[in-house]
Amino acid sequence: MSDHSESKKLPGQVSRRGFLKSGVAAAAMGVMGAVAAPSKIANAAVSNFGLDYTPAKGQWSKLRPTVNYGGASVSFAEHNDQWLGTSKIVGPIQRSSEYDSGFTLALRGLLGEKARWGFLTQTKRYPLTDGIGWAIATVSPDEICIGVPNAEKLPIPDPEQMSQHMKDVAYYLRADEVGIGNMPSYAYYGFKQVPPQGLFPAGIVPPDTPIHQIPNTEPDLPYVITFAVEQHLETYLASTGYDGISVSQSFRCYHAVANIAVIMARYIRSLGYNARAHHFGNYDLAVPPALIASGMGELSRTGDCVAHPRMGFRNKCGAVTTDLPLVPDKPIDFGLLDFCRVCNKCADNCPAGAITHDKDPVVQNGYLRWNSDMKKCATFRAGNDEGVNCGRCVKVCPWNSKEDSWFHEAGLWIGSKGETASALLKKIDDMFGYGTEEITQYKWWLEWPELYKINIPS
Ligand code: SF4
Ligand code: SF4
C-alpha cells in the first residue's frame, strides 16, 4: 500500500495505514478515421476463410477466467419482464431519445448559454482532452460503427465458447471488465441525435450546427457485449473534480472503449454476423440497461448510473450489439439497493444538488429508479468553470475500489450483506475520509485555471 502521509484528512479522520497496522481493522472486520464512404460498408478484410476454427482446449478463457468483483458478495438475478437485474419494472418502458439526454440538452441551449458554451469548449479548456476528443471523433462516424457483415457465416457450434472468446477479445483489447446480455428492446434509442454528440467537443462540426433528431431505424440485435475501462485510480485519488484532469479522465476511457467497440464490431462482421459499435461518439442505445442486462452492475442512487461492485462508477463503458450466437450472463445483485438506502455519500457531496436524498426509488418511465436530476448534473458539469467537468460522485462512492487491499475487499463483502452491514461500511468509509481526500503525491498533471473560465462569445 502506498504511503498516504501527504493525504489531507479532515478532523476526526484516521490514517488507513495506522488503522491496518493497529489490528483494530481485524476486530472491526468481525463484521478509426472519419471517411467519406457509403453509409454502410461491407467488411472487406475477409473474403473467404476456411469457415472452420479449432476450439481452444481445456479452460476456454486464457486471459480472465474469473470476473473480478473486488470481494463483493454477488448473486445472480433472473432476466424476466418484471425485473432488469435488481430494478423493478412496473409498466411499459418507452424507448428514450438521445436528443433529450443531458449533454444534448446542453448543446441545444436548453440548460443555458453557459452550459452550451462550456460543453462545446470542454476540450479546448483542457488541452490534453483536445487530443483525446479528436481521437474519439475519428471513430465516431456511422461508417466506422455500422457495417454490413461478410456474406459467409462462420459456423458457431458452441455459443458458450464463442461468448468466452468475445470476452477474451475484449480483455486482449485492454478492457478491465466485460459482460454479455440479452439486449432489452426498450434500451435501444427511439430517436437519435444528428450530428452525433461526440463530433461537437472535438470541433469536427461547427458549434452552431443545427441539431435535430431522427427516428432510430437500425435493426434490433438480440445480444449486447458491454465492456468497461477503469478511470485511473491514483489520478482520482488526487483529483477534486475542481481541476482540469476530470474531463480527461472521462475522455481517456471513452477513447479506450470506443476503440474496443469498433474493432470488436468489425471482427464480428468479418465472421459473417451483424454487429454495431456503440460509444460516446455514436450510440444507438442507452448504456445503463445494457450494462445491467450483461451483469456489469446495478442501478444506483445517482439515477440512471450503474455501479460495478469493484469499480463503482470509476469507469466508462462501450458496447457492441450483435446477432452472433452467444450465451448471455445473468444480471448481478451485490446489495447496492440496500447500500444506497443508507449511504447518501454521492448526494451529500454533489455540488449541483443533482442527487436525491430520498429513501427509496420512485417510478419513472415504467421502472423504479432514484429521483435524481440529470439536468442539474449536466448543467453543472458543462458549466463548471472552476475546473472542467466534475466527478465528485465517482470519487466518493464506497464501491469505487480506492485501494487494492484485503481491507477494502473485506469491506465490499460486508457492504453487500444488507442495510445494517451497509451502514457499518459507510461509517468505516467516512472514518477514513474516503472520497474527501486529496492525495497530492499522485498529482502529475498540469493545471491551466486561466483556461477553465467559460467565455461566452457575444
Ligand atoms: S458528476 Fe458532479 S454534478 Fe454530476 S451528479 Fe456527480 S457529483 Fe453531481
Ligand atoms: S455513493 Fe453511496 S448512495 Fe451514492 S451510489 Fe455510491 S453507494 Fe449509492
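## Exercises on helix α9 and the cysteines

H255 lies in helix α9 (helices, H or I of at least four residues, and strands, E of at least two, are DSSP runs numbered from the N terminus). The model is predicted: local features need pLDDT of at least 70 and side-chain atom pairs pLDDT 80 or more, while totals for chains, interfaces and linings use all residues. Residues are numbered from 1 along each chain as its sequence is written, chains are lettered from A and ligands numbered from 1 in the order written, and side-chain values use heavy atoms, without hydrogens and water.

**Exercise 1.** Compare the reach of α9 with its expected span.

Step 1. α9 covers residues 245-270, 26 residues.
Step 2. The expected span is 1.5 Å times one less than the number of residues, here 38 Å.
Step 3. From first to last C-alpha α9 reaches 38 Å, close to that expectation.
Step 4. After α9 comes G272, with a positive phi near 100 degrees.

**Exercise 2.** Describe the surroundings of H255.

Step 1. Of the 26 residues of α9, 19 are buried (under 20% relative accessible area; exposed is over 50%, partly exposed in between; 1.4 Å probe, protein chains only).
Step 2. H255 counts as partly exposed because its relative accessibility is 25%.
Step 3. Leaving aside residues up to four places away in sequence, H255 touches I132, A135 and I136 (contact: heavy atoms within 4.5 Å).

**Exercise 3.** State how many disulfides the structure holds, and classify C343.

Step 1. A disulfide is a pair of cysteine sulfur atoms within 2.5 Å; the structure holds 0.
Step 2. C343 is buried, at 7% relative accessible area.
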